[in-house]
Amino acid sequence: MKKLVSLLLALIMVLSCSFALAEADGKLTIWTWDPTFNIAAMKTAAEMYNAEHPEVEIVIEEIQSTDIEQKISTAVTGGDMSVLPDIYLNQDNSFQRSLYNFPEAMLDLTGKFDFANFGAGKLAYSMLDGKNYGVPFDAGTVVGAYRTDYLAEAGYTIEDLTDITWTRFLEIGRDVKAKTGRPMLTGEAGAVDTVLIMLQSCGASMFNEDGSVNLVNNEPLKAVLDIYNTMVIEGIFVEVNSWDEFIGTLTNESCVGTIQGCWILGTILSQPNQAGKWAMTNIPALEGVENATHYSNNGGSSWAIVPGTDEELAIDFMQLYTNVEFYNTILPTTSAIATYAPAKEGSNYAAGNEFFNGEPIFATIVEYTAQVPSNITGTYYYDARDALATAKTNIINGGDITSELQTAEDTVNFTMGF
């Protein structure tokens with residue numbers, strides 16, 4: 001019996017040791033992507049931190065988002081966490097999936113940061129059961145950006161598109177198209193960005209709180225699809241075949257504007273000949289829908305810290321992401337717009353922008369961010385997106401909204417194993 005107990009104890013020790021953890025070595029390793037955006041911002045953070053802590057080595061490795069998720073999956077399932085970095089970036093829309101599938105790779109950060117100054121909608125992506133697992137970074141806050149010269153040609157100003165309903169937007173869109181020959185908006189034919197932007201603006205999602213799919217009985221979604229379908233049929237919204245074609249409609253001046261995540265401003269600001277011809281405002285609200293707002297989100301990401309690494313060092317370093325001067329410093333070079341509310345006090349945020357008639361658009365975006373309703377993503381968010389995209393296309397081609405949403409919901413449920 002003693003030999004058996006000794007054998008079992010030895011086996012337990014072997015198994016416990018086989019799950020290798022990363023070591024606290026006084027060095028920070030960070031995984032992220034995009035040299036001109038996330039990496040550039042993190043390099044600035046490293047320089048600012050090293051100015052006070054020159055002894056800390058900070059290594060930033062460029063790894064694409066999908067590859068980061070795959071490496072984490074391999075490390076956790078293989079029991080070797082030692083290959084993981086101290087800090088890594090996670091897309092907001094896939095954060096819940098990562099958290100559900102690999103909680104071992106995300107440190108509980110509750111109470112470690114000034115989370116009160118991040119908008120509830122942004123925080124929701126990286127929270128579970130009331131606990132925080134991510135440090136929010138860039139905003140995907142949605143803005144309405146329009147060419148003022150085209151609006152003026154039709155007799156409108158940006159004020160006419162501020163705090164309005166989608167019903168009013170349709171009326172203006174019809175008039176502007178008739179007088180200028182241009183659609184108000186454009187987007188990819190196979191994407192559902194605009195649909196989901198409209199859906200989140202009224203606090204609705206593709207999933208229920210318990211994680212179940214919410215498509216066929218989702219009344220706000222039906223209202224959104226009805227409006228979207230009307231815009232496409234009437235040419236107020238023109239669907240194009242690719243992302244490059246969508247970007248082309250903004251750069252070649254063939255549409256009036258866009259309703260998209262604020263990162264789209266990078267494309268607008270890249271066209272010197274369009275300086276002074278743009279104005280920005282909030283988005284239309286769904287009429288007759290409870291909790292409808294003029295604010296939404298599309299995109300963005302948050303940082304996670306790996307348990308068992310240099311946790312305290314990583315937490316101390318990441319305090320820069322609750323630092324106004326950090327966000328103020330990275331804005332001109334990266335256009336990375338903060339989701340940290342006090343950032344709007346920075347001089348670069350408060351400054352007027354020549355492209356937008358001298359308006360302080362970045363400070364305004366931070367204000368919008370604080371008002372964005374939360375969105376339930378869950379583990380099967382991208383599966384639901386794909387199914388909804390198919391339903392949207394079929395509806396535009398004459399399909400019944402209810403039956404198409406039922407098919408989409410059945411498809412996601414099958415993927416979920418129901």
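Two strands pair if DSSP finds at least two bridges between them. Strands (E, at least two residues) and helices (H or I, at least four) are DSSP runs, numbered from the N terminus. This is a predicted model, in which local features need pLDDT of at least 70, side-chain atom pairs count only at pLDDT 80 or more, and totals for chains, interfaces and linings use all residues. Residues are numbered from 1 along each chain as its sequence is written, and side-chain values use heavy atoms, leaving out hydrogens and water.

Within S12, Ser302 has Pro136 standing opposite and is also the bridge partner of Asn90. Strand S6 (residues 135–136) runs antiparallel to S12, joined by two bridges. Strand S3 (residues 87–91) pairs with S12 over five bridges, also in the antiparallel sense.

## Is S12 buried or exposed?

Five of the five residues of S12 are buried, so the strand is largely enclosed by the rest of the structure. Buried means under 20% relative accessible area (1.4 Å probe, protein chains only). Ser301, Trp303 and Ile305 cover one side, with Ser302 and Ala304 on the other.

## Aromatic rings

The structure holds 19 aromatic pairs. Rings of Phe, Tyr and Trp (its six-membered ring) pair if their centres lie within 6.5 Å; planes under 30 degrees apart count as stacked, over 60 as edge-to-face and the rest as tilted. Tyr295 and Tyr368 are a tilted pair, because their planes stand at 55 degrees, with ring centres 5.3 Å apart. Both residues are buried.

Trp303 of S12 belongs to an aromatic cluster whose members include Phe37, Phe137 and Tyr340.

Conventions: Buried means under 20% relative accessible area, exposed over 50%, partly exposed in between (1.4 Å probe, protein chains only).
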